[in-house]
Amino acid sequence: MLPGSLKREDTRKQPRLLPRHNTMHLLGPSLLLLEYLAFSDSNPWNFEHPKTLYAWEGACVWIPCHYTIPGNGKVLDSLTVYQNGVYDDKAKKFSGNILYEMTKTGTALSQERIKFLGDNKSNCTLSIYPVKAQDNGHLGLRMTSGLDKWMEHITLNVSKTAPPPHIQLPPEIRELQEVTVTCLLNISCLGYETKLKWSLEGSLSSQLAPVTSTSLTTETVSTQSQLTFQPLWTNHGKNLTCQLWNDTAQGLLSQETVRLDVKHVPQLKIEVSPREAIVTEGINVTMRCWVISSNPEHWNVYWLKDGTLWKKQEMLQREQKTLTLTLSRVPKEMSGNYHCEARNDIGTGKSKEVALQVRYAPEPSKVQIIPSPAKEGGMVVLTCVSPANPLPTNYTWYHNKIEVPRETNVTFQISRVLLRHAGNYSCLAENSLGRGRVGQEAELDVQYSPKEVTTVIQNPTPIREGDTVTLTCNYTSSNPSVTRYEWSPRGSWNELVPGVLMIQKVAWNAEPFTCAACNQWCSWAPFVNLHVQYAPKGVKVLPTSPSYEIHSGHRVLLQCNFSSSCPTDVRFFWKKNGIFLEEGRELSFDSISPEDAGNYNCLVNNSIGQSTSEAWMLQVLYAPRRLRVSISPKDSVMEGKRAVLTCESDANPPIFQYTWFDWNNQTLHHYDQMLRLDPVKVQHSGAYKCQGTNRLGVGQSPPSTLTVYYSPETISRRVALAVGLCLAVLLLAFWGVKLQRSWKKIQSQQELQENSSGQSFFVRNKKVRRAPFTEGPHSLGCYNPVVEDAISYAALRFPVGETDTPRLGTEGISEAQRPSLNRDNTVTYSVVQKQQMGDYENVTPDVPEDEGIHYSELVHLGVGERPLVQDSVEYVTLKH
């Protein structure tokens, strides 16, 4: 809680507790205590605002204020602003002059000069304009929210006139060091314009550029102006003023002035007698050094000549302000720059320099040559050095003691030095006080690089590739002497002695050589060509036609080229795969064939030697040809083994697809170069051929026959099968005879039956099982014959005799009167034999029980009684 705040009031009524039992009397005080603690000042209102605000009568005051109501979601219900309000303990409320009052329904009481700029949540900012003298004191902000109440006090300091601003200076101000001074006024109000202006004694206000800023926060309310400048030593002791202005008719409201204390080094001044400081040798000179200003005080003062402390002097003490330097009968050595210095705690101060000139006649001269020594062809400047004051106005130059005409300046320039310019030079200077004397001579040494440098070949000509060559480097003259030699081009050459170069195994393409003889400069000789003779170089085969792919049948032209040869008279030869073909520069093929493909070399020779080109491969592209099928391991293979058929071909580019065909010219849908049959079967026997394809065409091989013969195991099975077939034939013959007899017997019985009438009989077929079917003899290695299906038919007919007497039925109707169910009374008996086939042509499986025999049972009920003798009839099975 900020100072001046009153504690929160609790005006809520205490709840009344009614005792229910005598023991509740003890709990009553405890409950009251808990309720009091619950509504105590544990959560007071929080306010943020400046503690004290300043203003003057007629001005404006702005009160930034922020508050927080304890609890969540609470808002301000009412606000009352008291002037010096007092709390009445008896009435339990505040009393005093009410400046502003606001309730939920709106503003109940407000003076026009009082404005509430806040809200009902957190902002409690106020403004008062104009401020009156009686506003001095405390402002009380009485605020309520529900049952919560609070009184906040704000101190307002109101004066009759505007208070002066306050100038803040840094602890120390030094000359030429940037400094910032601040003019501060603890007043700021929006809508009431005030300005802070600066003025510095001895300076124009336009030279000052201050920066003004204001602060209106809950912490500070102020207006300040900052002035940044670099003080001079002349600002020491001057007044710096900050004024408070109002743009209205009031004008200047208040001001504050401070005196600047600028620390600086001693400031000095020199007076010379005579004033011009130009004297003739032998005259007396007096110099005085004055200390104009020093903050803090100086320690001592002393003289310096040309930057060096003057030895013959006395130091000026702190209490003295002037230091005098007296020079009696000054010689020419006294000429120079004089100044004085003084020190204090800040540093050293220096006066302006005084140039003392002692006038005298030229002294004995000497000559300076730049550069020395001089290079031939360069520029040389000769300077006559003869100290004098005033400076000489006329010069005379001498070369080898002979006067050089038309040269009267202090410098003698030779723009292009030649050998004739070498020699001794001297000069003579003259000014207004007299003429000097010729002093020391200077020699001009003209140097030059070696003259007429040449490179000489010591070998007899001609030079062949691989020979050893000796070169010498010669010259006619040099100044200074030659110290070294250089050779070009550089390489691993051996310099036997300086100026003699030996080249071992000279290259065929040796570049021209040159040498340089060097002293300080190098002179290069003209290039010398070695003219090395060598065998032809860069020999290569160049196909001129066609320039693209070479196909079989094209016309091809090869040319033998070489890059260089010395001598140039050459001959050409051709080789194919190392075998000599013919002589000539060109090799042509009218219609090239695949047999012409190979490695071709071109040979070129001259009187020095022979060179061979790199092998050039001639590739001839052609469609597949000479295809054939090779069978591995051989053309005849036993069944169960592996057979590999390979399609061999000749093609360029290589075949990218193979196709296989069998003996019926049917594709096998196999596209690799090799056809593998693993295991091989007898059915694989036949003729095979292959077809190859590249991007130039298609080729096909002639057929190759693959023979697959039976294995010993297969032959054994076939022999066994033949024996079984023979046995089967014999068995069938036996059964045939037996069936024939049975048939005759049945026929006789049928005749007897036909002759009988009015008899009933049954024919029942007994089931006969057939002997296992055996295969007849067959030739080994041959396909099994197909046994034809056999069907046998037999028809039995029972006619009704004329003497048969009709039988009476149960209703008394004769059988003869009934319609006949089967007047023909015929049944067909059939035997069907089904052929049994094996999985392979030469393998006969075991024959199971004959399923091809069908059985029929015939029952005929005739008129009359059945014959007693013929009780049953057997039937026979017929096969063929």
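Modeller: Start with C518 and C522. A disulfide joins the two, with 1.9 Å from sulfur to sulfur. Keep in mind that this is a predicted model. The link of C518 and C522 is right-handed, with 115 degrees about the S-S bond. Are its two ends buried or exposed? Take C518 first: its relative accessibility is 0%, so C518 counts as buried. C522 has 30% relative accessibility and therefore counts as partly exposed. The cut-off behind both calls is this: buried means under 20% relative accessible area, and exposed means over 50%.

Now go to C289 and C340. These cysteines also form a disulfide, and the S to S distance is 2.0 Å. Its hand is right-handed, with 70 degrees about the S-S bond. The link connects distant parts of the chain. C289 belongs to strand 22, residues 285-295. C340 belongs to strand 26, residues 336-343.

Next comes the pair of C60 and C189. Their sulfur atoms lie 1.7 Å apart, and the two form a disulfide. Where do C60 and C189 lie? C60 is in the loop between strand 2 (52-56) and strand 3 (61-63). C189 is in the loop between strand 14 (179-185) and strand 15 (194-200). The pair therefore ties together parts that are 129 residues apart in sequence. C60 is buried, and C189 is buried as well.

How many disulfides are there by this rule? The count comes to 9 disulfides. The rule takes a pair of cysteine sulfur atoms within 2.5 Å.

C566 has a relative accessible area of 25%, so C566 is partly exposed. C726 is at 37% relative accessibility and so counts as partly exposed.

Three strands form an open sheet in the order 29-31-34, and their pairing is antiparallel. Strand 29 (366-370) and strand 34 (411-414) are the edge strands, each pairing on one side only. From one strand to the next, the twist averages 20 degrees. Strand 29 is joined to strand 31 (residues 380-385) by 5 bridges, and these two strands run antiparallel. Within that sheet, Q368 stands opposite T383 of strand 31.

Note on methods:
Residues numbered from 1 in each chain as written. Predicted model: local features only at pLDDT ≥ 70, side-chain atom pairs only at ≥ 80, totals over all residues. Heavy atoms only, no water. Pairing = 2+ DSSP bridges. Helix = DSSP H or I, 4+ residues; strand = E, 2+ residues; numbered from the N terminus. Axes fitted to C-alpha atoms, helices over the stretch in contact; angles between N-to-C directions. Buried < 20%, exposed > 50% of the residue type's maximum accessible area, 1.4 Å probe, protein only.
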